[in-house]
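Subject: Structure handover

Hello,

Here is the structure for your files. My notes follow it.

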Amino acid sequence: MNSQQTILLASASPRRRELLKQLAVTFKVEAADIDESILDGEAPREHVIRLSREKAMAGLLRSDGAMPTLGSDTIVLLDGKILDKPGSRAEAESMLKRLSGNTHHVYSAVALALEPDKVMDTLNITAVTFGDMPDPWIRKYCQSDEPMDKAGAYAVQGGTGQYIRRIEGSYSGVMGLPLFETAELLRRAGLLA
């Protein structure tokens with residue numbers, strides 16, 4: 001393979017597109033439509049890796065194997081529980097109240113499907129600590145659309161950034177695509193110099 005080969009990014013996330021551009025690879029975007037439900041007894045680590053692999057495989061199959069495909073998934077884990085994308089503004093408020101003043105972990109997995117039987121994956125885990133977010137601020141923030149399509153109801157690069165006290169790990173991983181790990185996968189596959 002060569003570094004000029006076009007890659008398929010199996011994600012509708014504008015943040016992932018933005019991040020992948022930083023690696024100076026040629027890519028096109030086509031969202032993967034998969035069931036993201038948690039399987040019975042599935043641990044968070046296995047869940048996020050499985051979803052990234054399924055997204056990569058769905059993209060590879062959609063392109064009839066013509067393009068190596070990147071799939072990625074990100075989850076927020078607080079006290080052993082996954083905080084998915086909120087289903088309502090009230091749920092977003094509840095999530096942010098739980099995150100306020102606490103440390104949680106963001107699991108961001110990336111998979112690269114080269115062929116149906118050749119899929120590589122990697123995982124980044126980052127600890128994020130929020131300071132106290134005032135309830136009136138949380139209510140106002142949750143009236144915007146920003147928290148509604150994000151795991152844990154927040155965007156690290158958005159309004160909640162002012163309350164993030166510490167990040168131990170990958171900022172880009174918290175955004176949804178850990179650049180170091182993604183670049184490593186692409187290099188291993190010969191798709192990045």
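A residue is called buried under 20% relative accessible area, exposed over 50%, and partly exposed in between, with a 1.4 Å probe and protein chains only. By that rule Trp137 is buried, and Tyr163 is buried too.

This is a predicted model, in which local features need pLDDT of at least 70 and side-chain atom pairs count only at pLDDT 80 or more, while totals for chains, interfaces and linings use all residues. Residues are numbered from 1 along each chain as its sequence is written, and side-chain values use heavy atoms, with hydrogens and water left out.

**Overall fold**

The protein chain has six helices and seven strands. Both are DSSP runs numbered from the N terminus: helices are H or I with at least four residues, strands are E with at least two. Their order along the sequence is β-α-β-α-β-β-α-β-β-α-β-α-α.

The radius of gyration is 17 Å. For 193 residues a compact globule would have one near 16 Å, so the chain agrees with that expectation. The value is taken over C-alpha atoms, and the globule rule is 2.2 Å times the number of residues to the power 0.38. Along the principal axes, the C-alpha atoms fill a box of roughly 50 × 35 × 25 Å.

Buried residues account for 53% of the 193. The chain exposes about 9100 Å², and carbon and sulfur atoms supply 46% of that. Accessible areas come from the Shrake-Rupley method with a 1.4 Å probe; for residues, only the protein chains shown count as cover.

Contact here means heavy atoms within 4.5 Å. Take the contacts between residues at least 6 apart in sequence: 66% of them join residues at least 24 apart.

In soluble globular proteins, nonpolar side chains tend to be buried together.

Leu99 is worth a look on screen. Leaving out residues up to four places away in sequence, Leu99 touches Val76, Leu78, Leu83, His104, Phe130, Met133, Gly152 and Tyr154.

**Aromatic pairs**

The whole structure holds three aromatic pairs. Rings of Phe, Tyr and Trp (its six-membered ring) pair if their centres lie within 6.5 Å; planes under 30 degrees apart are stacked, over 60 edge-to-face, and the rest tilted.

**Single residues**

Ser11 is in the loop between strand E1 (7-9) and helix H1 (14-21). Its relative accessible area is 5%, so Ser11 is buried. A polar contact of 3.3 Å joins its side chain to that of Arg16. (A polar contact is a pair of N or O atoms within 3.5 Å; within protein, one must be able to donate a hydrogen and the other to accept it, and residues adjacent in sequence count only if both atoms are side-chain atoms.)

Ala24 is not a glycine, but has a positive phi of about 55 degrees. Ala24 lies in the loop between H1 and strand E2 (27-29) and is exposed at 68% relative accessibility.

Asp79 also has a positive phi, near 50 degrees. Its loop runs between strand E3 (69-78) and strand E4 (81-83). Asp79 is exposed, at 69%.

Gly173 is in helix H5 (residues 171-175). At 1% relative accessibility, Gly173 is buried. Beyond four places in sequence, Gly173 touches Thr74, Val106, Ser108 and Pro178.

Best wishes
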